[in-house]
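Hi,

Here is the structure I said I'd pass on.

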Amino acid sequence: MSGSIYRLDGQPEVLSMGFVQEETLHADRVLDFWVLGMLTRGATSLQVGGDRVNVCANSYYLLPPYVRHYGIQSGTSFDVIYFHFLTREGGYASQMLSLPVLGRIPPDTSYLNLYRFLKRAVDFAVLSPAQINVQVAAILAQLSAMQDYTGSEQDRPKRLAYRVMDYLREHIEQDVNSELIAEELGYSYGHLDRVFRQHFGRSIHQKLQHLRIDIAAELLVMGKPIKEVGVQVGFHDYHYFLKVFKKIRGVSPGELQRRPSARW
């Protein structure tokens, strides 16, 4: 169940939302709408149809309509944000045959603060129901992306490609080479490069160059000196930086600074 991945399909129509604290047992019920719950503290166990699921803090559950669900006594309490919503034209489809869908909440994302903002906006009539729907659609899309990012045990090649991407992003300023990448990730560089190319359509080296140039372009538009930018994104040869930048962006760093609209 934890490996389930759902795809956003349609616009949610939010019926209600709330934040429950010190809850000890989920109610026994069958609803005709979807339920998104996000635990901010504690843990709980739910029986959803024929599935028993365990949810901990910083995780979420997405329950389908017309399926009985109820809490299982555990002796612990939990805090949960919930959204009840309908969907149009099929709603949210799962790649798995069974539901619910479980997953982790993106790190460094405070949905509790977002919920408080949305609830206040509703109470003060600052946001319309349609605007609240857009906000909840964004939350669902973010959770889906996080689920897709973490993947499942059965999708190891994709997870490995993502690990390579994370490594590249975290070492932009360093002298990254094939030996270091292979040593860090525990696979031969040839295998990593094949898996990475299959998923991202570029070699590891090509992707690293593009990542560096993307960051360089933003720094240049902000007015930072060209030589300083080159070093900051991992190019210690100034002329090589100019060559790679021109090849990828079609303009030189100086031309980009003179006409920022060329950056895309």
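Below is what turned up, taken piece by piece.

A word on ground rules: this is a predicted model, so to speak of local features needs pLDDT of at least 70, side-chain atom pairs count only at pLDDT 80 or more, and totals for chains, interfaces and linings use all residues. Residues are numbered from 1 along each chain as its sequence is written, and side-chain values use heavy atoms, with hydrogens and water left out.

Let's start with helix α4, residues 178-185 (helices are DSSP runs of H or I with at least four residues, strands are runs of E with at least two, both numbered from the N terminus). Its buried residues are I181, A182 and L185 (buried is under 20% relative accessible area, exposed over 50%, partly exposed in between, with a 1.4 Å probe and protein chains only). Seen down the axis of α4, these buried residues fall within an arc of 95°, so they line one face of the helix (the arc is that of the directions from the helix axis to the C-beta atoms). The face turned away from that buried side carries the exposed residues E179, E183 and E184. Cover for the buried residues of α4 includes α3 (156-170), α5 (189-200) and α6 (204-221) (contact means heavy atoms within 4.5 Å). At the start of α4, a side-chain oxygen of N177 comes to within 3.1 Å of the backbone nitrogen of E179 (a polar contact is a pair of N or O atoms within 3.5 Å; within protein, one must be able to donate a hydrogen and the other to accept it, and residues adjacent in sequence count only if both atoms are side-chain atoms). After α4 comes G186, with a positive phi near 80°.

Now the rings. The whole structure has 7 aromatic pairs (rings of Phe, Tyr and Trp, the last by its six-membered ring, pair if their centres lie within 6.5 Å; planes under 30 degrees apart are stacked, over 60 edge-to-face, and the rest tilted). One of them is Y162 with F200, a tilted pair at 6.1 Å centre to centre and 50° between the planes. That pair links distant parts of the chain, with Y162 in helix α3 and F200 in helix α5, 38 residues apart. Y162 counts as buried at 13% relative accessibility, while F200 is partly exposed at 27%. F200 also forms a tilted pair with F196, at 4.7 Å and 35°. F196 and F200 are 4 residues apart in helix α5, so about one helical turn separates them. F196 itself is buried, at 0%.

Elsewhere, ring pairs link F235, Y240, F241 and F245 into a cluster. The charged end of R212 sits over the ring of F235, 5.7 Å from its centre (the test is NZ of Lys or CZ of Arg within 6 Å of the ring centre and within 35 degrees of the ring normal). K227 does likewise over the ring of Y238, at 5.3 Å.

P253, in helix α9 (residues 253-258), is buried at 1%. Beyond its neighbours within four places in sequence, P253 is in contact with L220, I226, F241, L242 and F245. Q47, in strand β3 (residues 34-48), is buried at 16%. Its side chain reaches the backbone oxygen of G49 at 3.2 Å and that of D51 at 3.4 Å.

Cheers
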